[in-house]
Amino acid sequence: MIQVKNLIKVFGTKVAVDDVSFSVEKGEVLGFLGPNGAGKSTTMRMVTGYFRPTSGSVNLCGIDMLEEPELAKQRLGYLPENAPLYSDMTVASFLGFCAELRGLHGAARTKAIDRVLDMCFLDSVRNQSVDTLSKGYRHRTCFAQSIIHDPDVLILDEPTDGLDPNQKHEVRSMIKRMGKDKAIIFSTHILEEVEAACSRAIIIDRGKVVADGTPESLKKLVPGANSLDEVFRSITKPDTAVKKAA
Amino acid sequence: MSNRAIQNTLAVFKREFMAYFNSPVFYVIVVIFLLATNGFTFFFSRLLDSDDVSLATRFFVWHPWIYTVLAPAVGMRLWSEEHRLGTIELLMTMPVSPWQAIVGKFLAAAVIWLIGLALTFLIVGTVSYLGDPDSGPIISGYVASYLYAMACLAVTSAISAFTRSQVVCFIISVAFCLVIALIGDPGLTQTVVNAVPNGMEGIVRFISYFSFMDHFFEMTKGIFVLRDVLYFVSVIVVALLVTDLGLRSKRA
């Protein structure tokens, strides 16, 4: 459902994403791993059509993102990093606005809002101004926005960032549940999350894909490694290690 | 335009319009606008002390200067706020074309301004009560005034697409609107013409032709010339095109 081929993004002289290719099928949950600044968010922004790639192609459900962006975006739900929201709106009016942009009007709109308010446990704050929400609620409101039209493709940039352990668990199981009939990509820093929710994981370092496989097969990449944590540390080079080597 | 395009534009318009109503900025600006228009007309132009109740020279004459400051104050949030909050990333990954969003937002600010301008009806009422004014110049004056405000708003929209700071957008927009008003000033043009070497006069006059002012005053005189209307409309269209360019450059 998601096909990414030879994606390259150059900012000035810096190559942020360097020839990244992968595909995600229906029923798969792909974990996106990598150190800070590895190019995770940039890749996701290209997949969602926010950034224009320097070269390469993105195809969602058979629709080319560069050729027919509006059509491709209809099939997509996206939770950007830091969960941006219009601070002057209430939770319900924000979701209503997003529903309208997704082509939901009248009764379908009301139904969609009620559904996601219920799914994301937002009923108690539905008429509260977004400005006054705590971080967990803000995050869930933006998450609710991404699934309001029940999209085939879901792209989540750090969906559990800033949530408490209970909420993290809830979001993780929600992703796993929805993963059965969608194609989902989500990025994270938390490696247990990958084992808990993903059917496959990709590790990105300095703009390149350095590993791609099921969480179990990734563990076997590095001999003697017992956890994904060790694998992650040995195949992505932290800046400090590079300095030491030099 | 397809049905979907209209619905998208309307959705963006509605959101933006409500955002104005929910923010104190709108009320502050409308109050300042009314105080300024009424104050200038009654105290500086001494509308009531004169026998001449022409609105062109006592009421509309102040509008360009008021708009130079107030239109950027209304328009500065249009795109800067989207950049600052990061909601631009949401908006641009929705199945909405940049044009639908640009037009929707601009229309919201335009309707807000229409409300502000409509609230100056008391002055028209005063003039009609005291005398028997021609309705022609009043109507063309209002059209000119509204078009002038729209041109300043569109320029502000273009500048706000390039920056995440409302303050930066405000300052640059005011400066831009001020320059484009000043270059049309006949006194200033004459001074510059006298200062530059011979042969450059044509260039100075050519630049001064781009000022909003000439076109504005032609219209307030009651001469409803299509040329002047087209001038303002093309300024608005070009500024919205630049807005699109600004949004693209941020996403490149």
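A few reading notes come before the views. Residues are numbered from 1 along each chain as its sequence is written, while chains are lettered from A and ligands numbered from 1 in the order in which they are written. Because the model is predicted, local features need pLDDT of at least 70 and side-chain atom pairs count only at pLDDT 80 or more, whereas totals for chains, interfaces and linings use all residues.

**View 1. Confidence along chain A.** Chain A has a mean pLDDT of 88, where pLDDT is the predictor's confidence in each residue, from 0 to 100. A value of 70 or more is reached by 96% of the residues of chain A. Please look at residues 242-246 of chain A with care: their pLDDT is below 50, and beyond near neighbours in sequence this stretch has 1 contact in the model. Here and below, two residues are in contact if their C-beta atoms, placed from the backbone, lie within 7 Å.

**View 2. The two domains of chain A.** Domain 1 of chain A covers 2-75 + 151-245, and domain 2 covers 83-150; such bounds come from an automatic or database domain assignment. Taken over C-alpha atoms, the centres of these domains of chain A are separated by 25 Å. Where they meet, 8 residues of domain 1 of chain A are in contact with 8 residues of domain 2 of chain A. The domain 1 side of this contact has 5 nonpolar, 2 polar and 1 charged residues. In this sorting, Ala, Val, Leu, Ile, Met, Phe, Trp, Tyr, Cys and Pro count as nonpolar, Asp, Glu, Lys and Arg as charged, and the others, Gly among them, as polar.

**View 3. Around A:I8.** A:I8 sits in strand β1 (residues 2-11) of chain A; strands (E, at least two residues) and helices (H or I, at least four) are DSSP runs, numbered from the N terminus. With 16 other C-beta atoms within 10 Å, A:I8 is partly exposed. The cut-offs are 20 or more such atoms for buried, 12 or fewer for exposed, and partly exposed in between, with C-beta atoms placed from the backbone. Leaving aside neighbours within four places in sequence, the contacts of A:I8 include A:V17, A:D18, A:P53 and A:G56.

**View 4. Inside the largest nonpolar core.** This core has 132 residues, of which B:A151, B:L153 and B:A154 touch the most other members. A nonpolar core is a set of buried Ala, Val, Leu, Ile, Met, Phe, Trp, Tyr and Cys residues joined through C-beta atoms within 7 Å. Helix α9 (residues 135-160) of chain B gives the most to this core, with 14 residues. Not counting residues up to four places away in sequence, B:L153 touches B:A71, B:V74, B:G75, B:F106, B:A109, B:A110 and B:W113.

**View 5. The helices of chain B.** Chain B has 14 helices and 0 strands. Of its 252 residues, 41% count as buried.
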